Amino acid sequence: MKSSVIIFPGSNCDRDMDVALKKFGFKNQMIWHNNPTIPKSDLIVLPGGFSYGDYLRCGSIAAKSKIIKSVIEFANSGGLVLGICNGFQILTETGLLPGILQQNIYQKFICKNVHVKVNDKENKYFSSIKKEILELHIAHNEGNYFCSNDELKSLKDNSQIAVTYCDKNGKESEEFNPNGALSNIAGIFNKNKNILGMMPHPERVIDKSLSSNDGNFFFENLIKNLK
Amino acid sequence: MEVNEQIAIDHGLKKEEFAKICDLLNRTPNLTELGIFSAMWNEHCSYKSSRLHLKKLNTKGKKVIQGPGENAGVIDIEDNDAIVFKIESHNHPSFIEPYQGAATGVGGIMRDVFTMGARPIANLNSIHFGSPQHPKTKNLLRGVVKGIGGYGNCMGIPTIGGQTSFDESYNGNILVNAMTLGLVNKNKIFYSKAAGVNKPVIYVGSKTGRDGIHGASMASAIFDDKIEEKKPTVQVGDPFTEKLLLEACLELMAGKSIISIQDMGAAGLTSSSIEMASKGNLGIELNLNKVPCREEKMTPYEIMLSESQERMLIVLENGKEEAAKKIFDKWNLDFAIIGKTTDSKKIELLFDNNKVAEIPINILAENAPIYDRKWKKTKLPQKIKFNKDDFKKLKITEVLKKILCLPNISSKEWIWQQYDHTVMGDTIQKPGSDSGVVRVHGTNKAVATSVDSSAVYCYAHPLTGGKQVVCESWRNLISCGSKPIAITNCLNFGNPEKEKNMGEFVECVEGINEASKFLDYPVVSGNVSFYNETKDKGIKPTPVIGGIGLIKNYQKMMTMGLKNNENLILVIGKTEGHIDKSVFAINILNEKKGPPPEINLFNEKNNGETVLKLIEEELIKSTHDVSLGGIITAISKMAIRGKKGFKLNKLRVLMNKFDYYFGEDQGRYIIEIEPKNLSKVQKILRDNSVHCDEIGIVTEKDIVLDKEPIIHIDDLIKSNTNWLEEYMSK
């Protein structure tokens, strides 16, 4: 399976994603933002970081970058696009995903492990995943998801809410919402569920020496579903 | 403008220094030249008060590749890998403008590390604030933490450790020390020494603006009521540009075109160009019209003294300009050939076709003043005779709870949760531990690192305090199973022109040196920050030590959280019950006098090495060093980390239990072992003549102490975590 990680100036989780994808069997290539095209891929990843310094608004400049047109074309033709953290912010800025990511409610950057519940399994990312509640890691200042009531209703009606913050037993409440996100939303799909944006970083939890290894479930499942 | 003595004094130079300049030049300098002298001869750049004493430091060792004198120190961690590391202060700017001051402190130290060809792999910081009740403290803390996070997080370098303290001596002068470690192939290290004549001198990075002019001079002065006016001397950071600069420099370094490279830190273009030329015994000629400027009509004076961030100076091999430019174009960074190396041994500056400065390099560098300042020895304070009857009113558990929520003991999670500590995917021990640990990417090795200081001990007796900080650092590295290799130091002191302050400096350095020699734990880089004084009030002497240790197989790394019920808890090292200057004496008994605990370097080394042996033999389940708050605070912190309880045996030593539990004797560790391994452990300890007390066991959740009421671990967790959170939300 071939994957492409897009590097924008200011991306800083590109290497971590490369390491993770390769560990689980992807043939990954790194694509510089100035490339006019993206080589044939089964998965495109927009990694975390501070693309173009996150100036103006997180992800907004990346959403107008040269390469993003190819990403949008790829997504519109049904290709899998995964955006993690800053990648999620870029996806909302392009309009490929609804809503926005605001500053965390406590107005601080936050870096810690969180639990998320897998809400939908009718998609390439989570179908047949072996664990329903994953311990992943967040590190962001703007992860507070927000959208209009209509958009939220539509997300719910179409089962587009991918993962939600919860406790280790799956209980969702304000207490386990690290950033004030609407309905504890940690990640969402587009309608066709080929695009996934989420704030937690599965690539940082792929080894038992790290703070968790639940990222393994995510990547193992993803490559299995793509084969 | 004609330069005269008054203008020189306004530049922070002394009367005699100005006379010396005129004498050395054989004429009066022009304003640009005077600016250059003031930048090179201030305390921050010239180390004029400290140099004599720093020379005595133990800087050599088998693992040392590069000691002090370069952008950072370098040590060997085997298999051709090396670690480049250094700590640096950004105290003065952070007090004036906490966010930018702290941010550019982090940016500056990272540049020092990647200038040498290393990719930064971890950041740490040691930050010290005034009393929590002081009206400025909260905002300073919030700003500094945001600044450190803002810069490090954007760079994508994990901040894996640190230290925060509060003390009223920092009310008018906070301390912000930032440390970075980078990884480099030991055969691909870059140095700042220029070589060869007529080589192009290249300027890369951000454009030069009017920010930070005289930053280094400001950092060499004491504060008064007018500090707010100094805001414009604080630099403004742009971590995004630095991230690009990092990637571009590492890309250029992969080739073979760089002769020497130096970041533009304190005193900007002035000190970077002079340092390169001075080390290479060369001259340098710069055409200032070629320097990329952010603002219009900048004068040579402003260009030379600007401290705009994210800039580098490179001496390239001839003919490599085009290829190098391509790399910087790719990263959208300025690239300008601004001059060349010469054989004149002078710095020569051209502007609008005129020569605007011409100074022999040796005058600026080697002839900079050195002062043998007067200093006063600090006597060891008398031991306090505590009235043990006073203790009878106290309960151990009550005192413990009080200690755990003291500002200097309580958990600093509120702070380090704002730092990205997991980016790069190799953090295997996070902040809040004895040391932070990162794996050496793609290997079985890991590097442990810690920053430490103990101003209370250093203030009471600088010589002992200096030794103590080095030992504490050594212990923190041992506690996670790493072998300590080398240190970097950031020496934060008051006004060196005062005998008492100078004495504190001299004796702390002596103490550091003594411990560093005995433990074979050399100093390979560092920085001195004097004049931490406002309106005649100086800070307590605060030498900060950053240590690096190596774990050969990271699977054997040790953590501090208690692991399993019924496991035994042992104290390694002898407990004498030294409570003078302890947290217990100062905060509970309100007795602030007395000597700090003694340091026995032989025991320190022997105990540490023996603990490492036990870890190597896989006989230990968890370990933590004993420091502030004594044995019981140490065990409690292990319990809090592991979310476990503990039960302590009735004391078997003839000692007051408060002395035993809260005493701060040095060279001690707490270890947790499985009962079946007790005799093996005891044998190893006996064979190495290491004292140990078996004091209790691990329990599920309860803390049980003799006849005292049982407390639940959740109570201790609450005591320990709530203080900072509540303080900052008020």
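Me: Is B:E566 buried or exposed?
Reply: B:E566 is exposed, because 11 other C-beta atoms lie within 10 Å. The cut-offs are 20 or more other C-beta atoms within 10 Å for buried, 12 or fewer for exposed and partly exposed in between, with C-beta atoms placed from the backbone. Keep in mind that this is a predicted model, where local features need pLDDT of at least 70, side-chain atom pairs count only at pLDDT 80 or more, and totals for chains, interfaces and linings use all residues. Residues are numbered from 1 along each chain as its sequence is written, with chains lettered from A and ligands numbered from 1 in the order in which they are written.
Me: Where does B:E566 lie?
Reply: In the loop between β21 (542–551) and β22 (568–572) of chain B; strands here are DSSP runs of E, at least two residues, and helices are runs of H or I, at least four, numbered from the N terminus. Phi of B:E566 is near 75 degrees, a positive value in a residue other than glycine.
Me: New topic: how many residues of chain A are in contact with chain B?
Reply: 21, against 20 residues of chain B, with contact meaning C-beta atoms, placed from the backbone, within 7 Å. On the chain A side, β6(A) gives the largest share, three residues.

Conventions:
Contact = placed C-beta atoms within 7 Å.
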